[in-house]
Amino acid sequence: MLVAKFVDREEELSALKKALESNRFELIVVYGRRRVGKTRLVLEALKNKEYVYYLAVEKGNLERFKKTAAKVSSEIKYAKEDWESFFYFLKNKIIVIDEFPNLIKEDKTIISLFQKIVDENLLNTKTKLILIGSSISMMKEKVLSYKSPLYGRRTGQIKLKPLKFKYLKEFFPSASPQELVEIYGFTGGTPYYLEKIKTPFWSWLDEELKDPKSFLKEEGDFLLRYEFEEIGTYKRILEAIASGKTKLGEIKSFVGKPSITEYIKNLIEIELIEHIKPVTGGKRGIYQIADNFTRFWFRYIYPNLSEIELGIFTAQDIKQDYNNYLGEVFEKIALEFIAEEIARGKLPKVTKIGKWWYKGEEIDIVGLNGRRTGIFVEVKWSDLSRRDIARIYESLVGKARYFKTESKLYIIVCRNAPFIEEENLKVYTLDDILQA
């Protein structure tokens, strides 16, 4: 399913259009997680152009590709059944191969074969070849790695990331600021999920949980099976992290395996989880699920599948816990906002930014510029009074004593708060984030 609404992606779209208009051969790699809108981006760039678009499957790609390409280039029907012959007839055309990892799975030699085709037949033409892939691990290893036969042949690559929170308003113009955060906690910035949701969010979710054909029940498994053959241990790891077990020892104990290092490494590689260390450095860190939908699914759907089937687990059960869940979601929104305010010059420049903890004390976001500047941010998914702000400010000042910077700026990001004007304290609300 392609998303109907095309939001953001200006830089990526501009880069693609520029490559498509060039007078030389182009090999462009577009990759990123499933559902993130890669195909939609490419097809948007190809509007009003003639092109061959082929969605690779697990078997029989040569025959299928020939039939697809014949709709654009009828003479290809005379070609032999091999890729070299196909590309000979498609010189100077635009060719898009979606889910390229399926070609690799079917034929391990395809990368070397494509290298030969590029070197011998396409380099001196105006052919545009676009390879799209959702398996991040395979695209990195087989296509983008310096060990890949295609290394050095590509002329451009785009790693498509989820949309930022600020763009949700374009999908849901009538939603309240709080509802936007609630939706973001479910979808993250994945266009596929954003297109599925209807407002009001909680009514839609309740109906979705009752629907026996709902995509929700299988989606987590579907995403993992695309990357891994055996998914049981990966599911246990993600369930552990989603339930609040963020340290390696806690996760290992929950999973019940003597070693999960390789599994953790693989989940980081495909960007489902991230290993976060204090911004000041340190060997030990914590693990978080990087994607909101995956975190939501493993916190609320996967552990309750039997109850969902029986119809006794509803959206109300999720809603009762949701404010606790949204704390981490709002921290990511706040980090995104603070980084953009810095980029806009509205906050002091920093060279590194992230979480910090030390000896039982923690600050949600710390930005540092050597010993010159320190930004210290507390994030609260709640409405704050003046008394709350004074208490949080005092706590931040106390924790910031570990940092010997020449200047210190304290920031509180919350759902709602009265206007505060202090020299070294800024208070931002959810409305401020959306209006920025």
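Close-up 1. Helix 1 (10-20), strand 6 (273-276), helix 18, strand 8 and strand 9 each put at least two residues into the lining of the largest pocket. Helices (H or I, at least four residues) and strands (E, at least two) are DSSP runs, numbered from the N terminus. Helix 18 gives the most, with seven residues. A pocket here is an open set of points on a 1 Å grid over the protein atoms alone, where a 1.4 Å probe fits, with protein on both sides within 12 Å along at least five of seven lines; lining residues have an atom within 4 Å of a point. By class, the lining has 14 nonpolar, six polar and 20 charged residues, with Asp, Glu, Lys and Arg counted as charged, Ala, Val, Leu, Ile, Met, Phe, Trp, Tyr, Cys and Pro as nonpolar, and the others, Gly among them, as polar.

**Close-up 2. The second largest pocket, at about 390 Å³.** Of its 15 lining residues, Lys105, Ser135, Ser137, Met138 and Glu227 are the closest to its centre. Helix 5 (101-106) and helix 7 (136-144) are the elements giving two or more residues, and the largest share, five residues, comes from helix 7. The class tally is four nonpolar, two polar and nine charged residues.

Close-up 3. Strand 10 (residues 373-383) and strand 11 (residues 407-416) run in the parallel sense over nine bridges, and Val377 stands opposite Ile411 in strand 11.

**Close-up 4. A cis bond and two positive phi values.** The peptide bond from Thr199 to Pro200 is cis, with omega near 0 degrees, and Pro200 lies in the loop between helix 10 (191-196) and helix 11 (201-210). Phi is near 80 degrees for Arg35, in the loop between strand 1 (26-31) and helix 2 (38-45). Phi of Asn92 is near 70 degrees, and Asn92 is in the loop between helix 4 (83-89) and strand 3 (94-98). Most residues other than glycine have a negative phi, and most peptide bonds are trans.

**Notes.** Residues are numbered from 1 along each chain as its sequence is written, and side-chain values use heavy atoms, leaving out hydrogens and water. In this predicted model, local features need pLDDT of at least 70 and side-chain atom pairs count only at pLDDT 80 or more, while totals for chains, interfaces and linings use all residues.

Key
Pairing = 2+ DSSP bridges. Points joined across faces, edges and corners; volume = space filled by probe spheres on them.
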